Amino acid sequence: MKTFKILTLLALVVVVSAFAANAVVKNVRNGYSIGDDAADFYLRNVDNKMVSLKDYDNAQGFIVVFTCNTCPFSVANEDRIIALDKKYKTLGYPVIAINPNNPQIKPGDSFKAMQQRAQDKGFTFPYLLDDGQEVYPKYGATKTPHVYIIKKENDRNTIKYIGAIDNNTRNEAAVTERYVEDAVDALLAGKNVQVTETKAIGCSIKS
């Protein structure tokens, strides 16, 4: 009888451990993966207009960048983000920037501060506030900056790339690999993206 109880207890431990392991894997995989269909959003831009992906009838896709005012890594990438929009917007891949931070935790990322930053830097793209922080968890963004390249395929917004803008977040002069440009260039040429995922380097999102 004692042996039976011990075996039963061991079996329960194995089941609980397996469940816990699955939960960990699930948690690690939160958000979109390559090939997933990204849901649309409806967020306020710094010009007080609401923006969604469906507004862009002529776009072939999007360069969605989760970024903010206060992270030094985001600030170091602002000119690169502007350059990406200027280069690819007319080719069908506009930049859409989203600030995922909670302004109550980071006052420097308030909507008013976003408006001022966009004006000071001359942003050529929408700079949206993830009010209520509902969008970034769906994407699985964890850093600022964190990039998602989307291709419009029939009625789907297919994720084609996730990660960093390039291989040197801190110093643009030292960049040797431009992940976002390579990915968009491949999509525009009708080719597969060779590097589909890289590690986003930046500040953790403040929630």
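**Close-up 1. Strand 3 and strand 4 (residues 95–99) pair in the parallel sense, joined by four bridges.** The model shown here and in the other views is predicted. Within this pairing, Ile63 has Val95 of strand 4 as its bridge partner.

**Close-up 2. Strand 3 also pairs with strand 7, and these two strands run antiparallel.** Six bridges join them. One of the residues involved is Val64, whose bridge partner in strand 7 is Tyr148.

**Close-up 3. Strand 3 is covered on both faces.** Gly61, Ile63 and Val65 lie on one side, while Phe62, Val64 and Phe66 lie on the other, and all of them are buried. Because six of the six residues of strand 3 are buried, the strand is largely enclosed by the rest of the structure.

**Close-up 4. Helix 5 (residues 179–188) has buried residues at Tyr179, Val180, Ala183, Val184, Ala186 and Leu187.** Viewed down the axis of helix 5, these buried residues fall within an arc of 160°, so they line one face of the helix. An α-helix has 3.6 residues a turn, so residues three or four places apart point the same way. The buried residues of helix 5 pack against strand 3 (61–66), helix 2 (72–88), strand 7 (146–153) and strand 8 (156–163). Just after helix 5, Gly190 adopts a positive phi of about 75°.

**Close-up 5. The largest cavity has a volume of about 40 Å³.** Its lining is formed by Thr67, Cys68, Glu78, Ile81, Ala97, Phe123, Phe125 and Tyr127. By class, six of the lining residues are nonpolar, one is polar and one is charged.

Methods
Residues numbered from 1 in each chain as written. Predicted model: local features only at pLDDT ≥ 70, side-chain atom pairs only at ≥ 80, totals over all residues. Heavy atoms only, no water. Buried < 20%, exposed > 50% of the residue type's maximum accessible area, 1.4 Å probe, protein only. Arc of directions from axis to C-beta. Contact = heavy atoms within 4.5 Å. 1 Å grid on protein atoms, 1.4 Å probe; cavity = no way out; pocket = protein on both sides within 12 Å on 5 of 7 lines; lining within 4 Å. Points joined across faces, edges and corners; volume = space filled by probe spheres on them. Nonpolar A, V, L, I, M, F, W, Y, C, P; charged D, E, K, R; others polar. Pairing = 2+ DSSP bridges.
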